[in-house]
Amino acid sequence: MSLLSIEKITKEYDGIKALDWVSLKVEKGSIKGLIGPNGAGKSTLFHLISGVEKPDSGKICFKERNITSLAPHERSALGIGRTFQTLQIWGNMTVVENIMGGMDRRLKGGFFSYGLWLPWIRRSEKEALKEAKEILDSLGLLGKWESMASQLPYGKQKILELGRALAMKPQLLLLDEPASGLTLTEIEQLSERISQIRQEGVTVFIVEHHMGMVMEIADEIAVLHNGELIAEGTPAAVKRNPEVMEAYLTRRNRNPDA
Amino acid sequence: MVEQKKKEFRKRDFFFLVPLWFISLIAPDPYLYHKKEFKKKDLFYLGAICLAPLIWSDPHFHHLMVLAGIYAILALGLGLFMGYAGQISLGHAAFFGIGAYTTAILTTRYGFPPFVAFWASALSAALIAYLIGRPILKLKGYFLALATLGFGEIFLVIVRESTHLTGGVIGIFDIPWFSVMGFSFDTYLKQYYLAWGVLVGLFIFSKNLVRSKVGRALLAVAASEDAASSVGIDVPRTKLDIFVLGAAFAGLAGSLFAGVMSTANPEAFSLGFTVLIVMMVIIGGMGNVYGPIAGAILLTWLMDILSKYQEYSLPIYSVILILLLIFFPDGIGTRLNVRVIYLIGYWAKKKKRDEGKL
């Protein structure tokens with residue numbers, strides 16, 4: 001049984017086909033990579049999965065349930081977490097509040113119970129703070145838990161964004177270029193962390209430009225080119241695929257990894 | 001000669017420092033707003049509110065502080081919507097007006113007790129906010145501001161034209177004093193405790209909201225709506241909730257206003273009044289529940305002091321507002337203690353600097 005299945009998705013922008021009849025499956029407990037040259041439609045696919053945009057035709061199923069017409073927050077409530085290509089942390093909050101904000105869907109209680117600060121609200125807030133600190137500890141950010149998130153360096157902000165997505169306890173985690181803008185050591189730490197996340201039972205779907213990293217951690221890789229799915233398989237098989245080589249021909253001169 | 005000049009400098013600086021230091025003790029600092037727990041300072045504020053009218057027993061002062069308290073309730077609700085959720089509303093005076101007219105009509109036409117009308121005002125303002133908020137809150141930024149502005153104007157037109165219900169431009173007179181179980185708030189002192197009591201209650205409610213899940217969701221919506229929905233925060237719902245809450249606050253404030261002034265006429269709820277409330281929030285400091293209250297007190301006093309100068313009052317008023325915005329862009333309490341420390345450091349190095357050693 002696959003956790004996420006995308007069936008015959010099509011998306012057009014002003015007559016240009018960003019995605020054309022794409023079908024994909026992400027198996028439960030795996031790490032799936034999605035690669036492709038710039039403008040191949042990778043980010044569009046992520047937007048469609050997380051609900052920021054709606055497909056022109058096709059179907060998206062999560063845990064055997066059709067989620068194509070659901071709003072973004074309803075999809076997150078089902079257990080789809082994501083990070084963004086352009087960093088989207090909440091700079092107007094402290095580091096620990098960013099993590100606690102990520103737990104939003106797990107904290108129950110309405111407006112008035114929070115306003116009146118009922119005893120069980122007090123307890124749940126305390127527990128949330130404790131849990132958030134534990135998450136920060138595992139991310140190595142505990143020393144800065146009270147500083148504003150906007151004051152962290154870029155690399156730490158990316159880690160914080162990942163931590164926020166993890167705080168909502170997702171079943172499927174969409175990572176949109178998590179390694180962009182990071183140093184080499186930070187990328188190594190990141191791939192270790194992603195493997196660790198998988199061991200905790202989270203399925204990871206990752207878009208990445210850094211080929212070395214994707215090839216290393218992914219169980220399966222899909223390749224998009226001009227909105228079409230041109231190859232799918234294990235990293236080794238994808239690497240040997242002649243069509244993929246051709247799609248990356250222009251990039252290969254610049255990036256010896258590809 | 002040089003010695004003399006230095007001494008003068010020191011005296012003048014000291015003249016600035018003392019009030020600055022004093023304000024820094026009292027005024028809330030928005031830069032520390034992320035430390036959201038209740039602190040000893042809050043007890044100090046509460047004590048000051050309770051004792052101020054007893055120490056300063058001038059009826060004019062009481063009346064002024066009653067108005068400041070009512071405006072502060074209004075600004076508090078708007079502060080949640082503007083400062084936390086990051087939306088703009090220019091129609092807040094309309095909810096204030098709805099509250100005032102609900103109380104006025106219920107008490108004078110149908111003979112309801114003021115206490116019932118008080119809650120009915122909050123409910124009616126909240127209901128109308130819910131009805132118009134659902135379509136309007138899909139707009140963003142300036143479009144939302146324009147839509148709410150339009151709502152405020154429509155409200156004014158309706159009030160002016162439906163003469164049989166609202167008394168048209170003349171308004172409604174002889175609204176009974178606010179009273180609870182036979183206890184009538186008929187002096188300025190009693191009204192002071194009424195308005196500030198309601199304000200303290202609403203303040204605690206708001207502070208509890210902003211230091212918990214609700215406040216985080218609001219700030220998240222203000223910072224990045226995509227990220228907020230990616231962790232399961234229902235963005236439209238969050239905006240609507242806080243809009244309705246702000247309107248309910250405004251309804252309560254309007255009801256108190258009608259009960260204290262015992263009149264309600266459309267002039268009181270015009271665009272100028274909306275701008276005044278927005279100014280209170282901005283001058284006091286956004287993203288902070290203390291700010292709007294400080295702004296409300298400051299502007300109410302400022303208007304009263306300037307009313308002596310009659311035709312010059314408006315220019316002076318606007319110049320003061322501009323200066324405040326230039327020197328305290330994040331609110332009047334902002335980093336005052338940091339400024340004091342900076343000034344002290346400046347003097348400590350002054351001698352060395354004068355001698356050219358630094």
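**Close-up views of a predicted two-chain model**

**Figure 1. Chain A as a whole, in a predicted model.** Of the contacts in chain A with a separation of 6 or more, 68% are accounted for by residues 24 or more positions apart. The structure is a predicted model, and chain A within it has 11 helices and 10 strands. The radius of gyration of chain A is 19 Å, close to the 18 Å that the globule rule gives for 258 residues, so chain A is as compact as a globular protein of that length. The C-alpha trace of chain A spans about 65 × 40 × 35 Å along its principal axes, and 43% of the 258 residues of chain A count as buried.

**Figure 2. Confidence in the two chains and in the complex.** For chain A the mean pLDDT is 87, with 96% of the residues at 70 or more, while for chain B the mean pLDDT is 85, with 84% of the residues at 70 or more. Within chain A, confidence is lowest in helix α11 (residues 249-252), where the mean is 53, and highest in strand β8 (residues 203-207), where it is 93. For the complex, the predictor gives an ipTM of 0.89 and a pTM of 0.87.

**Figure 3. The two domains of chain A.** The domain assignment of chain A gives domain 1, made of residues 1-79 together with 170-258, and domain 2, made of residues 89-159. The C-alpha centres of these two domains of chain A lie 29 Å apart, and the contact between them takes seven residues from domain 1 and four residues from domain 2. On the side of domain 1 of chain A that touches domain 2, the residues divide into three nonpolar, three polar and one charged.

**Figure 4. The open sheet of chain A.** Four strands of chain A form an open sheet in the order β2-β1-β4-β5, with antiparallel pairing. Strands β2 (16-27) and β5 (65-66) of chain A stand at the edges, each with a single partner strand, so one side of each is left without a neighbour in the sheet. Within this part of chain A, strand β1 (residues 2-13) and strand β4 (residues 57-62) pair in the antiparallel sense over five bridges, and I6(A) has I60(A) in β4(A) as its bridge partner.

**Figure 5. The hairpin of β9 and β10 in chain A.** Strand β9 (residues 220-225) and strand β10 (residues 228-233) of chain A pair in the antiparallel sense over five bridges, and I221(A) stands opposite G233(A) in β10(A). The two strands β9(A) and β10(A) form a hairpin with two residues between them, and in the turn N226(A) has a positive phi of about 50 degrees.

**Figure 6. Helix α3 of chain A and what covers it.** Helix α3 (residues 95-102) of chain A is mostly covered, with eight of its eight residues buried. The buried residues of α3(A) are V95(A), V96(A), E97(A), N98(A), I99(A), M100(A), G101(A) and G102(A). What covers them includes α5 (119-139) and α6 (154-167) of chain A, together with α9 of chain B.

**Figure 7. The contact between chain B and chain A.** In this interface, 25 residues of chain B are in contact with 32 residues of chain A. On the side of chain B that touches chain A, the elements that give two or more residues are α8 (188-210), α9 (213-223), α10 (225-230) and α11 (235-261) of chain B. The largest share of that side, eight residues, comes from α9(B). By class, the side of chain B that touches chain A has 12 nonpolar, eight polar and five charged residues.

**Figure 8. The two domains of chain B.** Chain B is divided into domain 1 (61-317) and domain 2 (328-358), and the C-alpha centres of these two domains of chain B lie 39 Å apart. The contact takes eight residues from domain 1 of chain B and five residues from domain 2 of chain B. On the side of domain 1 that touches domain 2, the elements that give two or more residues are α12 (271-284) and α13 (291-306) of chain B, and the largest share, three residues, comes from α13(B). The residues of that side of domain 1 of chain B divide into four nonpolar, four polar and no charged.

Technical notes. Residues numbered from 1 in each chain as written. Chains lettered and ligands numbered in written order. Predicted model: local features only at pLDDT ≥ 70, side-chain atom pairs only at ≥ 80, totals over all residues. pLDDT = per-residue confidence, 0-100. Contact = placed C-beta atoms within 7 Å. Nonpolar A, V, L, I, M, F, W, Y, C, P; charged D, E, K, R; others polar. Rg over C-alpha atoms; globule rule 2.2 N^0.38 Å. Buried ≥ 20, exposed ≤ 12 C-beta atoms within 10 Å, placed from the backbone. Domains from an automatic or database assignment. Pairing = 2+ DSSP bridges.
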